[in-house]
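Trainee: Hi, I'm new to this one. Can you walk me through it?

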Amino acid sequence: MLFMLLSSISFSLIADSFTDRRAVVGLKLFRTLLVADTGYQHHITPDGRLNVSLIYLHDLKTASQLAEQLSSELTQLHDIPVTVFTVTLQDYLNKKSQRSLGIFIADKFDLPRLQQLVKSSVAHKQILFSPYEGDVEKGVLAGLSVESRVRPYLNMQTLKKSQLKIKPFFIKVSKKYAAE
Amino acid sequence: MRLNKGLSGRASNNLVISLVFLLLVIFFVGSLFQYWYNVLDPRLRLAAITQAEILSQSQAGLLSKAFDVYEGEQREKALQAAIEEILLVTDPSIKEPFVKGISLEVDYDVVDADIDSLNIREGILNCTDCIVTEVALMDEDYNLLAIATFNVTDAYYRWLGSDIKDKLINQTLFTLGLFTVVWLIILLLVSRLDRVRKNIEISDRAKTQFLANVSHELRTPLNAILGYTQLFKKDKDIMASQGRGVETIHRSADHLLMLINDILEFSKVDSEGVQLYPKEVALSDFLNTLVEMTEIRSSLKDINFNFEFPPNLPEVVFVDDKRLRQILLNLLNNAVKFTDKGEVTFSINNLTIKKSDKASFARMTFTVADTGIGIPKSKLNDIFVPYQQVENKITRAEGSGLGLTISKNLTELMGSKLHVKSEYGQGSRFWFELKFPIVEQASPLIHKENHTICGYEGRVRKILSIDDNDFNRDIIRQHLMQYGFEVVEAASGEEGLQLLEQIQADLVLLDVLMPDMDGFAVVTQIRSDRRYSHIPVIALTASTQEALEEDGASGFDDVLSKPIVEHDLLASLKKHLDLSWKHEVLKSSNDDALKNLENIKIPDADVVEELKDYARKHNILALRDLLKNLETDDRYQDFFQLTNPLARNYQFGKLVETLENLQSQTDE
């Protein structure tokens, strides 16, 4: 446990500004992706809200900062009020949190945890977005491609499995991974 | 024929050089193509695409602003104006608009406008060479409003590509020009080198001819000397009165012959042309000769000479004794030459004998060590280089600088390697390992101590001896007559051919170098006549065997080098006349004496003790001196006859044993 805590702290320390920038820009593309999701109605809660989660493992501080930024920019989606909250991976997988329309990964996960999260998001037809490089290739639905310009990055296989309905516009301007 | 061969050789050289250059050019041009198509062009294309994407992204800002700021009809006009402005922007380097066409695809779910009202398409949209980029247009809330498709010109890529390609082609042409110049220079140099090589070959042939002539001139008188000494050695009366003198003359002439051979060998520039002629060699006799020669040299310099040979050395081995002697003598002579005080040691170590049903082999290491001036470490590699000598007062005065080079080449020719270890001021050690076939059943001529040939079985054979030199003919006649051959002599080639018609010769001994009609002409005539073509013809030559082979000795059945060595002559006659020798067994005076030890008068005890002491110390020179004193005293003749052969043959252990036996017999 102590080891995990130490490793988490050290990861935070070495997280460079490039990764931070990816998280901030990724947050904006995440919001665009949420707007492009036409199947959002299934995720409206009984009290008429849409939930958006930021999942973290240990770094609550960063997750909270990102959640704060997102909630200030995304108060409504398709005229439906949005609630942004942070949740630990453990709580999310143990179904202790409320189900969300989209999940933003706010912490770098190892492969087994990431695979568990991908499996759960696909099963619940949720948008899973990771700003971290290489996560889309590991099965996360969306991320960002940073080349000569910043574009959304979509895993087409995960998109097909999750049966999400994303606007063709969004798909068209995205970089595609594992496209048939 | 030689000229044609030379021309074709030069042509093939030129062809090989040209082919190498052609391959180099093909490789060079192929590499350039590879570099262009696999590296440069894709990189340029990627750079052009990146540039187009960045350009599209920056221009898309104008369109996003038009969406953001305006509404309704004004928005459409603002979009139209923004598109026109984008289409106007021109690249100054290529003087062409950056963007050739733009089309907008709007999400009317997000944008409040009539469907298709804002789907503007301007400029060239079916441009096949253009780089197509799609940029998402978003509002401030990151809502995806539309996709703008830009058809960006690839002119910059084409312009840059063409510019680099031109430079690359220019560089290639320049390099190909350089290649051609180098190719022509090399062809020219090779042609000149070829001419120089031919000149060297001509000069080398002239030198070889000169050496062959010198060799012949020097060997002819030696032939007479050695021939007569061989005959004298067979005459018991002469040997009884003048034995030591005859032995000395024979040994000196033999030594002189060896020196001539060695000088000729050293003079031979093309040492690769040396061939090995292995034969049966009595190893102990061979080593004794080397020891004796080195002992004389070392005694003159007042240094010790030691030799250590294992007791189980094979009696007869199959080896080119001339070449082995040349190597060992060169090493031993060097060791003596470069040692002022201390000792020189000649030894055979690591003797292993492998016997099998088919053949037996002996492997041994010959070592020559000295306590001489040694060789500096930095010069160790130079000592085997021709004409190179380590600088010192001795080498400045004498030596050709070829000895070690020839020794090294000869050891390599024998399948071995000459090693050296040396410490400056301490001495040197040279060694090499050789493997010989062991001769189990040696020819009787090899063991000549106890058996001697006295004739042959069957009818009398008639030998025709053709030689312009009277001495040589006389020696041959005397040699052959003692074995019962009938010898008919001819002083010239013409006379020999006439005699061949008159007598029924069984074999012809033919001198090669004769005035008017030489041996080659004679043998050609003999071979062309059906009546005589079956008669064996043995060439006698004072030239080197290699020189004769180079001249083409295919007409001869055998070649014997002058001075003729009797047992070589007998071996050749036996082979070509299919003879069976008659032998007489010689009684060893040594054996007889051993049986009658009690009758032998021995010198004083202190003299015998001194002899034993010298024998134990292997001091051959002191032994000889002491025995020489006894030889003149009639009382000790039997004693001398018994001990002298043992000392002469370096049988020191046996000598000590014999002396002790004599002492014990006397005591009894």
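Trainee: Is B:Cys130 buried or exposed?

Mentor: B:Cys130 is buried, with a relative accessible area of 8%. Buried means under 20% relative accessible area, exposed means over 50%, and partly exposed is in between, using a 1.4 Å probe and protein chains only. Before we go on: this is a predicted model, where local features need pLDDT of at least 70, side-chain atom pairs count only at pLDDT 80 or more, and totals for chains, interfaces and linings use all residues. Residues are numbered from 1 along each chain as its sequence is written, chains are lettered from A and ligands numbered from 1 in the order in which they are written, and side-chain values use heavy atoms, with hydrogens and water left out.

Trainee: Ok. What does B:Cys130 form with B:Cys127?

Mentor: A disulfide, with the sulfur atoms 1.9 Å apart. The rule is a pair of cysteine sulfur atoms within 2.5 Å. The link is right-handed, with 90 degrees about the S-S bond. B:Cys127 counts as buried too, at 16% relative accessibility.

Trainee: How many disulfides are there over all chains?

Mentor: The count comes to 1.

Trainee: New topic: the nonpolar core. Which residues have the most contacts inside the largest one?

Mentor: B:Leu324, B:Phe346, B:Phe366 and B:Phe639, in a core of 66 residues. A nonpolar core here is a set of buried Ala, Val, Leu, Ile, Met, Phe, Trp, Tyr and Cys residues joined through side-chain atoms within 4.5 Å.

Trainee: Which helix gives the most to that core?

Mentor: Helix α6 of chain B, residues 321–337, with 8 residues. Helices (H or I, at least four residues) and strands (E, at least two) are DSSP runs, numbered from the N terminus. There's also a second, separate core of 42 residues, which includes A:Leu27, A:Leu33, A:Leu34 and A:Leu70.

Trainee: Why would side chains like that gather?

Mentor: In soluble globular proteins, nonpolar side chains tend to be buried together.

Trainee: Where is there a nonpolar patch on the surface, then?

Mentor: Look at B:Leu15, B:Leu19, B:Leu22, B:Leu23 and B:Ile26, which have about 510 Å² of accessible area together. That area comes from the Shrake-Rupley method with a 1.4 Å probe, and for residues only the protein chains shown count as cover. Patches are made of residues with over 30% relative accessible area and no salt bridge; like charges are joined within 9 Å, nonpolar side chains within 5 Å (Val, Leu, Ile, Met, Phe, Trp, Tyr). B:Leu15 lies in helix α1 of chain B, residues 2–69, and is exposed at 54% relative accessible area.

Trainee: What about aromatics? How many pairs does the structure hold?

Mentor: There are 17 aromatic pairs over all chains. Rings of Phe, Tyr and Trp (its six-membered ring) pair if their centres lie within 6.5 Å; planes under 30 degrees apart count as stacked, over 60 as edge-to-face and the rest as tilted. Take B:Phe305 and B:Phe307: the ring centres are 6.2 Å apart and the planes are at 35 degrees, so that pair is tilted. Both residues are buried.

Trainee: Which residues form an aromatic cluster with those two, B:Phe305 and B:Phe307?

Mentor: B:Phe309 and B:Phe346 are in that one cluster with them.

Trainee: And how are the rings of B:Phe366 and B:Phe436 arranged, stacked or edge-to-face?

Mentor: Their centres are 6.1 Å apart and the planes are at 75 degrees, so the pair is edge-to-face. It links distant parts of the chain: B:Phe366 is in strand β11 (residues 360–370) of chain B and B:Phe436 in strand β13 (residues 427–438) of chain B, 70 residues apart. B:Phe366 is buried at 0% relative accessibility, and B:Phe436 is buried at 2%.

Trainee: Which salt bridges does A:Glu147 take part in?

Mentor: One is with A:Arg151, the closest N and O atoms being 3.7 Å apart. Another is with A:Lys175, at 2.9 Å, N to O. A:Glu147 lies in the loop between β6 (142–146) and β7 (150–155) of chain A and A:Lys175 in strand β8 (residues 175–177) of chain A, so this pair ties together parts that are 28 residues apart in sequence.

Methods: Salt bridge = Lys/Arg side-chain N within 4 Å of Asp/Glu carboxyl O.
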